[in-house]
Amino acid sequence: MVKTAGGRNDGQASVELVATIPALVIAVLLVAEFASVGYSLWSAGVAARAGARAAYVGGDGGRAARGSLLGALREGASVHEGNGLTVRVRAPSTFPGLPRVPVTARAGLGVGDASGG
């Protein structure tokens, strides 16, 4: 805090702004990371439902599920057909060095399937 002859605090607002910038940057990065994970979970759910629909009508559920994922999520995605169809993807990290968060979505294969639909 710098006091001038008149008793004013010149530069106080600038110092406070500089002190809050790291906290704001961290908050923005966290929001972006949560948005990336949420989008990945939503995309995995869409892929699981697309694969379940394809498998229900006799198609290749795994191929349909992978085909509905975007390129970044398709790499490293795993699709398992068993009691329902499960899609597991890794959410892309918004900041280099952070681990990619795995998310899983599941869809049932037909009407009356107790596993969901």
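A nonpolar core here is a set of buried Ala, Val, Leu, Ile, Met, Phe, Trp, Tyr and Cys residues joined through side-chain atoms within 4.5 Å. With that in hand, the legends below walk through a predicted model.

**Figure 1. The whole chain, before zooming in.** This predicted model has 3 helices and 5 strands. Starting at the N terminus, the order of elements reads β-β-α-α-α-β-β-β. Of the chain's 117 residues, 24% count as buried. Take the contacts with a separation of 6 or more: 42% of them come from residues 24 or more positions apart.

**Figure 2. The largest nonpolar core, with 15 residues.** Ala 48, Ala 65, Leu 69, Leu 85, Val 87 and Val 89 are the members with the most contacts inside this core. Two or more residues each come from α1, β4 and β5. The largest share belongs to α1, which puts in 4 residues. As general background, nonpolar side chains in soluble globular proteins tend to be buried together.

**Figure 3. Leu 69 and its contacts.** Leu 69 is one of the core residues with the most contacts inside the core. Neighbours within four places in sequence aside, Leu 69 is in contact with Ser 43, Ala 44 and Ala 47, plus Arg 74, Ala 77, Val 87 and Val 89. Of these, Ser 43, Ala 44 and Ala 47 are among the buried residues of α1. Val 87 and Val 89 also turn up among the core residues with the most contacts.

**Figure 4. Helix α1 from end to end.** Does the helix have the span you'd expect, or what does the check give? At 1.5 Å a residue, the 45 residues of α1 should span 66 Å, and the end C-alpha atoms are 66 Å apart, so the two agree. There is still a bend of about 30° at Ile 21, with a proline, Pro 22, following within four residues. Just after α1, Gly 58 takes a positive phi of about 95°.

**Figure 5. The buried residues of α1 and what covers them.** The buried residues of α1 include Glu 33, Ser 36, Ser 40 and Ser 43. Further along the list come Ala 44, Gly 45, Ala 47, Ala 48, Ala 50, Gly 51, Ala 52 and Ala 54. Which elements cover them? The cover includes α2 (61–67), α3, β4 (84–91) and β5 (101–107).

**Figure 6. Ser 40, a buried serine in α1.** Ser 40 is found in helix α1, residues 12–56. Is Ser 40 buried or exposed? Its relative accessibility is 1%, so Ser 40 counts as buried, the cut-off being under 20%. A polar atom of the Ser 40 side chain lies 2.9 Å from the backbone oxygen of Ser 36. Setting aside residues up to four places away in sequence, Ser 40 touches Leu 73, Val 89, Ala 91, Pro 92 and Val 103.

Figure 7. Tyr 39 is partly exposed, with a relative accessible area of 40%, whereas Trp 42 is exposed at 53%.

**Figure 8. Ala 77 and Glu 75, in the loop between α3 and β3.** The elements on either side of the loop are α3 (71–74) and β3 (78–82). Ala 77 counts as buried at 12% relative accessibility, whereas Glu 75 counts as exposed at 57%. Ala 77 touches Arg 66, Leu 69, Arg 88 and Val 89, not counting residues up to four places away in sequence. The C-alpha atoms of Ala 77 and Ala 44 are separated by 9.1 Å, with the two residues 33 residues apart along the chain. For Glu 75 and Arg 90, 15 residues apart in sequence, the C-alpha to C-alpha distance is 8.7 Å.

Note on methods:
Residues are numbered from 1 along each chain as its sequence is written. This is a predicted model: local features need pLDDT of at least 70, side-chain atom pairs count only at pLDDT 80 or more; totals for chains, interfaces and linings use all residues. Side-chain values use heavy atoms; hydrogens and water are left out. Buried means under 20% relative accessible area, exposed over 50%, partly exposed in between (1.4 Å probe, protein chains only). A polar contact is a pair of N or O atoms within 3.5 Å; within protein, one must be able to donate a hydrogen and the other to accept it, and residues adjacent in sequence count only if both atoms are side-chain atoms. Contact means heavy atoms within 4.5 Å. The expected span of a helix is 1.5 Å times one less than its number of residues. The bend at a residue is the angle between axes fitted to the seven residues ending there and the seven starting there.
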